[in-house]
Amino acid sequence: MRVPAKVNLQLAVGPRREDGFHALVNVFHAVSLFDEVTVKAASPRQSHALTALTATGQSESHLARVPLDETNLAARAALLLAEETGSGFPVDIHLDKHIPVAGGMAGGSADAAAALVACDRLWGCGLSRERLLDLAARLGSDVAFGLVGDTAVGTGRGELLDPMASPGRYRWVFALSTRGLSTADVFGEYDRLRPDAPDPRLDLALQQALASGDAEALGRSLSNDLQPAALSLLPELQRTLDAGRSAGAIGALVSGSGPTCAFLIGGGGEDAALVAEREAEVVAALWATGMCEQVVAADGDVPGATVL
Ligand code: C5P
């Protein structure tokens with residue numbers, strides 16, 4: 001299975017709900033930075049749904065943050081499916097990771113979405129899309145989007161998805177940090193900074209920019225309520241954002257709970273040579289900060305979890 005990373009085009013965060021989660025309006029946009037998830041029947045067969053989890057594809061520091069036990073969201077996806085359907089046999093799950101780990105791009109959630117679909121196929125459960133989406137939502141706020149992909153608005157705690165019209169194609173650059181940020185810590189910092197958060201609302205200017213495929217307007221409408229909290233925990237991210245903006249990015253923001261920073265470079269309607277030149281300048285400026293572990297370019301939007 002191939003499954004994409006996401007960037008949030010708008011992340012509006014409301015007050016903390018009674019269940020501990022925050023009410024969100026979360027505009028997800030899937031980008032062409034993929035994890036590959038392989039699920040195979042384990043041999044010899046044992047009595048648990050999961051026998052082994054392995055991971056490759058990232059720097060040692062990133063891989064060190066991937067749990068290789070049943071706390072990994074991909075493993076939990078397999079266990080939940082087995083529990084719910086009463087079917088399943090032991091499997092080995094391999095994660096080839098290219099989405100930053102603990103980076104605010106929903107890498108763990110993407111792996112869980114892929115594991116869910118792969119196990120459903122391998123075990124012959126044949127769950128409907130609705131059932132899969134329901135299980136995904138129970139695993140985490142961002143997992144259902146891994147199944148859906150493209151551009152979608154999430155409400156509730158982010159798990160109730162509606163597709164959003166976005167005919168345009170956009171070029172992005174992502175600056176990966178050597179550090180990771182825990183989503184729960186960033187939401188905790190948000191509560192400290194914004195104890196009186198209003199109810200979240202979809203930004204109509206963003207919706208219009210997406211509907212018309214206007215990259216400049218999209219760049220102006222990008223927003224993330226968690227950004228001040230991520231910057232408060234990792235102040236050096238401000239320099240990364242400033243460097244990309246000064247080098248010509250038409251939009252810049254922290255992705256989700258961070259610390260990955262996302263830079264909008266241009267849209268499909270623009271002169272391709274101009275966009276490529278802008279991209280090269282932004283990439284060079286980001287490397288020059290000396291603060292990025294990796295700088296990668298990607299396109300959006302792209303489909304959700306796909307069988308290879
Ligand atoms: O749902 P998920 O497991 O991705 O959430 C990780 C953490 O992020 C939660 O434990 C919670 O602290 C925080 N969160 C939140 N409100 C949301 C989504 C996540 O407070 N809507």
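Which residues does the UniProt annotation "domain: GHMP kinase N-terminal" cover? According to that unreviewed entry, residues 72–148; such annotations may be inferred rather than shown by experiment, and UniProt positions use the numbering here, with feature names shortened. Keep in mind that this is a predicted model: local features need pLDDT of at least 70 and side-chain atom pairs count only at pLDDT 80 or more, while totals for chains, interfaces and linings use all residues. Residues are numbered from 1 along each chain as its sequence is written.

**The annotated stretch**
- Residues 72–148 come out as 60% helix and 8% strand, where helices (H or I, at least four residues) and strands (E, at least two) are DSSP runs numbered from the N terminus.
- The end C-alpha atoms of that stretch sit 21 Å apart.

- The shell (C-beta atom, placed from the backbone, within 6 Å) includes Phe-21, Asp-142, Arg-157 and Phe-187.
- Two or more shell residues each come from β2 (22–41) and α6 (183–193), with α6 giving the largest share, 3 residues.
- By class, the shell has 4 nonpolar, 5 polar and 2 charged residues; Ala, Val, Leu, Ile, Met, Phe, Trp, Tyr, Cys and Pro count as nonpolar, Asp, Glu, Lys and Arg as charged, and the others, Gly among them, as polar.

**Helix packing**
- Helix α3 (residues 107–122) packs on helix α4 (residues 129–139) at about 140°, axes 10 Å apart; axes are lines fitted to C-alpha atoms over the stretch in contact, and angles run from 0 to 180 degrees between N-to-C directions.
- The contact (C-beta atoms, placed from the backbone, within 7 Å) involves residues including Leu-116 and Asp-120 of α3 and Leu-132 and Leu-139 of α4.
- That contact has 8 nonpolar, no polar and 1 charged residues.

Note on methods
Two residues are in contact if their C-beta atoms, placed from the backbone, lie within 7 Å.
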